[in-house]
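Subject: Structure for your files

Hello,

Please find the structure below. My notes come after it.

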Amino acid sequence: MGEAKRRKESLGEQYGQEARFISWLPITKSQSQKFMQLTSAGAWIGIGLLIVAWLTVRFIGPAFGWWQIE
């Protein structure tokens, strides 16, 4: 337990706090990982919606006679 006490004394108020992603930016590493997961999921959802829109314009709309593609 001596090592923990020394670490606590050397870190002071920062002891037990999570490390920052960038020292001057108030974002922790776990927050940056959650942001990356969220944006990756959003990107895949956007790709899926783009595919659905393309299929609608290219195949579904003309099949129902909503418009014609030449």
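The notes below go from confidence to overall form and then to one residue.

This is a predicted model, in which local features need pLDDT of at least 70 and side-chain atom pairs count only at pLDDT 80 or more, while totals for chains, interfaces and linings use all residues. Residues are numbered from 1 along each chain as its sequence is written, and side-chain values use heavy atoms, with hydrogens and water left out.

The mean pLDDT of the chain is 86, and 96% of the residues reach at least 70 (pLDDT is the predictor's confidence in each residue, from 0 to 100). Helix 2 (residues 29-64) has the highest confidence, at a mean of 95, and strand 1 (residues 20-22) the lowest, at 73.

There are two helices and two strands, in the order α-β-β-α along the sequence. Both kinds of element are DSSP runs numbered from the N terminus: helices are H or I with at least four residues, strands E with at least two.

The radius of gyration is 25 Å, whereas a compact globule of 70 residues would have one near 11 Å (taken over C-alpha atoms; the globule rule is 2.2 Å times the number of residues to the power 0.38). The C-alpha atoms fill a box of roughly 75 × 25 × 15 Å along the principal axes.

Of the 70 residues, 4% count as buried, meaning under 20% relative accessible area with a 1.4 Å probe, protein chains only. Thr-28, in strand 2 (residues 25-28), is buried at 18%. Leaving aside residues up to four places away in sequence, Thr-28 touches Glu-18, Ala-19, Arg-20 and Phe-21 (contact means heavy atoms within 4.5 Å).

Regards

How values were computed
Buried < 20%, exposed > 50% of the residue type's maximum accessible area, 1.4 Å probe, protein only.
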